[in-house]
Amino acid sequence: MQREAGREILIEGIEKTFGATRVLKGVSIALREGEFLSLVGPSGCGKTTLLRIIAGLETADAGRITIGGRDVTRLRAADRDIAMVFQNYALYPHLTVEQNLAVPLVMRRLSALERLPLLRHLVPGQAGRRGAIATRVREAAEMLRLGHLMQRRPAQLSGGQRQRVALGRALVREPSAFLMDEPLSNLDAELRAGTRREIVELHRRAGVTTIYVTHDQVEAMTMSDRVAVMMEGELLQLGTPRQVYDDPCDLSVAGFLGSPRINTLPALATPSGVAVGPLLLPMLAEAPAGTTLTLGLRPEALSLTRDGLAATVEHLEFLGAEVLLHARLAAPDAPLVAKLPVAIAGGLRRGDAIRLGAEWPEALLFGADGKRLRTVPADRRVHA
Amino acid sequence: MTPGANRTLIQDLPRLALLGLGAVIVLAPYVWMFFASLKPGSEVFSNSLSLLPERFYALENYGKALREVPMLRFLFNGVVVCALILFFQTLFAVPAAYALAKLRWRGREVLFGLVMLGLLIPYHVPALPLYVGFARLGLLDSFTALVAPFSISVFGIFLFRQAFRSLPDELIHAARIDGMGEMSIVWRVVMPNAWPAATAFATFSIVAHWNDLFWPLIVVQSHGMATPALGVLFFRAEEAGNDVGALMAAAVMVTAPMVILFLLAQRRFIQGIATAGLKG
């Protein structure tokens with residue numbers, strides 16, 4: 001498909017209140033041309049509301065939406081030149097696949113008179129426009145391998161096929177932005193992985209700026225150029241999948257991304273390092289001595305060491321190449337999950353006493369308010 | 001047939017027998033009417049209780065009904081009046097029901113409450129003021145007088161509203177994004193997916209107004225404007241007198257379109273429900 005690249009989208013200070021609930025508390029995001037951005041967060045974080053405001057299906061209480069330099073805040077959905085894919089596909093049940101795909105074009109390229117069943121033959125040139133629409137529909141259908149299903153109705157299609165029709169209906173018009181609202185959540189796991197790749201491939205070919213709403217962190221991490229993590233109506237972090245995973249700015253971002261969940265341990269800031277149980281880690285946090293901190297440790301960052309934290313094995317989950325080791329620390333008294341190679345942890349049994357450690361300077365530190373604290377290795381700070 | 005199906009048939013037998021008995025009781029007058037329309041008047045009141053006529057008198061009965069009063073004109077009027085009423089009822093009720101079911105606006109609940117209140121008022125109540133109004137306008141004895149009072153159906157609004165509520169919101173959102181205006185959404189998306197409700201409503205509306213005697217009796221004076229039910233009344237009063245055979249022939253002609261329509265609609269009902277798999 002040949003087309004110009006998608007448009008940039010500016011979302012500025014969007015606020016929305018439903019009754020007494022502030023659903024969106026001033027969210028701003030700037031999307032580059034042709035970017036694939038995921039809005040991710042737990043259910044109720046406001047991501048779907050934000051998408052619906054961008055689409056024009058909901059009006060914001062405050063803020064501005066600009067698509068390709070054009071302020072669309074006051075425009076109705078139809079005039080925003082966007083296409084949307086819905087969670088339950090929202091295909092027209094009474095129309096065939098072919099007709100479903102043609103609707104966006106028929107509604108935009110033909111006048112009201114040209115859409116009428118018999119009178120349309122009176123309008124010169126309408127046959128040509130109809131021909132162009134049919135050609136475009138066929139192209140889109142071929143791209144999504146829907147050619148053999150054109151005469152079926154949505155009720156006669158499988159979930160995956162419906163999903164492809166919904167994608168086709170979105171891209172047939174070549175809009176300046178795609179909005180997708182959890183499009184994969186009604187598909188089974190296998191189909192989901194396949195469709196994920198398909199959507200990424202379509203995005204690459206069409207180059208349309210895409211906003212993709214999901215609660216599934218795997219979708220967000222695997223498909224996106226950038227990920228926007230939302231919680232309770234606020235944008236917590238916006239960055240590449242690697243940035244938000246490796247360098248989360250907030251404990252809830254770190255907790256939301258990554259499976260199994262990041263381990264958290266209570267810690268204490270001291271002048272000479274960070275104290276965790278009996279250990280004094282050689283790192284200094286930007287916090288006054290005596291402050292209570294939270295130490296975040298990804299399960300894959302942990303390893304069996306000699307000088308780590310003492311723990312007892314509680315449970316082992318065999319994953320194939322790796323083992324998930326559930327252990328309980330002696331001090332501080334807390335559960336801990338480690339992802340270890342089978343070669344190292346395969347021989348452990350329930351009740352075994354072990355010591356778990358990490359490359360400590362890479363551990364993540366969070367303040368009492370959950371915000372990330374920058375750290376410096378203790379020795380370097382001393383010499384500086 | 002599988003053994004299981006046989007067993008359930010036997011288990012169902014008492015129920016079926018009871019329903020059958022009910023059907024016989026309900027159908028008996030109609031059947032009697034039909035056979036009476038085939039007999040000469042003298043035979044209808046004979047002592048022997050026999051359905052089949054001894055003397056086949058259908059031609060004379062039906063001929064008389066068609067000859068003495070403009071029976072075909074009555075039927076034509078009935079078709080025109082019912083079609084116009086249904087057309088206007090749908091035209092007004094469907095957008096109103098859509099606004100009540102799917103749009104958010106101030107005062108929606110109050111207005112829906114008024115619709116519900118409207119359901120409670122029998123249409124005989126405003127009949128007198130309406131009659132006076134039409135008389136003042138000089139519109140008595142016209143199609144306008146027969147159709148206009150029924151052009152807005154609160155029952156229709158209520159029925160369609162309930163049906164539209166079950167449509168997923170996302171369908172309407174998708175239509176908006178695809179470039180449809182609200183009116184396009186109503187007629188191109190919402191209505192085609194509410195066929196069972198539309199069929200049910202059409203059946204109620206047509207049957208009610210085809211059989212309506214009260215209102216036509218008030219506003220119609222000439223034979224040329226009479227609807228079928230009123231036509232039968234005219235026929236009895238003026239021409240047929242005691243000729244029960246001919247009267248029954250007229251009644252058969254008047255009711256037959258409804259019976260045929262009902263049988264067709266019944267099939268549509270079942271189709272409508274079978275293809276209503278809207279959920280994605």
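Where in chain A is the place of Glu182(A)? Glu182(A) sits in the loop between strand 7 (177-181) and helix 6 of chain A. Most residues other than glycine have a negative phi. Glu182(A) counts as buried because 20 C-beta neighbours lie inside 10 Å.

Arg145(A) also has a positive phi, near 55 degrees, and Arg145(A) is likewise a residue other than glycine. Its place is in the loop between helix 4 (126-143) and helix 5 (159-171) of chain A. Is Arg145(A) buried or exposed? Arg145(A) is exposed, because 12 other C-beta atoms lie within 10 Å and a residue with 12 or fewer is classed that way.

Ala193(A) belongs to helix 6 (residues 189-206) of chain A. This alanine is partly exposed, since 15 other C-beta atoms lie within 10 Å. Glu33(A) is 160 residues away from Ala193(A) along the chain. The C-alpha atoms of these two residues are separated by 26 Å.

Two peptide bonds in chain A deserve attention. Most peptide bonds are trans. The bond that joins Ser259(A) and Pro260(A) is cis, with omega about 0 degrees. Pro260(A) lies in the loop between helix 9 (251-256) and strand 11 (263-270) of chain A. A cis peptide bond also joins Ala331(A) and Pro332(A). Here omega is about -5 degrees. Pro332(A) is found in the loop between strand 17 (322-329) and strand 18 (335-341) of chain A.

Chain A as a whole can now be described. It contains 11 helices and 22 strands. Its C-alpha trace spans about 90 × 45 × 40 Å along the principal axes. Of its 384 residues, 40% count as buried. Among contacts in chain A with a separation of 6 or more, 66% come from residues 24 or more positions apart.

How confident is the prediction for chain A, and what is its mean pLDDT? The mean pLDDT is 89, and 97% of the residues of chain A reach 70 or more. Residues 380-384 of chain A stay under 50. For this stretch the model has 2 contacts beyond four places in sequence.

Attention turns to chain B. Two packed helices are described by the angle between their axes and the distance between the axes. Helix 4 (residues 71-102) and helix 8 (residues 154-165) of chain B pack at about 45 degrees, with axes 8 Å apart. That angle makes helix 4 of chain B oblique to helix 8 of chain B. Their crossing is right-handed. Residues of the contact divide into 10 nonpolar, 2 polar and 3 charged. On helix 4 of chain B, the residues that meet helix 8 include Gln89(B), Ala93(B), Tyr98(B) and Lys102(B). On helix 8 of chain B, Gly156(B), Phe160(B) and Arg165(B) are among the residues in contact.

The two chains also touch each other. How many residues does the contact take from each chain? It takes 16 residues from chain B and 21 residues from chain A. On the side of chain B that touches chain A, helix 9 (residues 169-177) of chain B gives the most, with 6 residues. By class, this side of chain B has 8 nonpolar, 5 polar and 3 charged residues.

How values were computed: Residues are numbered from 1 along each chain as its sequence is written. Chains are lettered from A and ligands numbered from 1 in the order in which they are written. This is a predicted model: local features need pLDDT of at least 70, side-chain atom pairs count only at pLDDT 80 or more; totals for chains, interfaces and linings use all residues. pLDDT is the predictor's confidence in each residue, from 0 to 100. Two residues are in contact if their C-beta atoms, placed from the backbone, lie within 7 Å. Helices (H or I, at least four residues) and strands (E, at least two) are DSSP runs, numbered from the N terminus. Axes are lines fitted to C-alpha atoms, for helices over the stretch in contact, and angles run from 0 to 180 degrees between N-to-C directions. Angles under 35 degrees count as roughly parallel, over 145 as roughly antiparallel, 65 to 115 as roughly perpendicular and the rest as oblique. A crossing is left-handed if the near helix is turned anticlockwise from the far one by less than a right angle, and right-handed if clockwise. Ala, Val, Leu, Ile, Met, Phe, Trp, Tyr, Cys and Pro count as nonpolar, Asp, Glu, Lys and Arg as charged, and the others, Gly among them, as polar.
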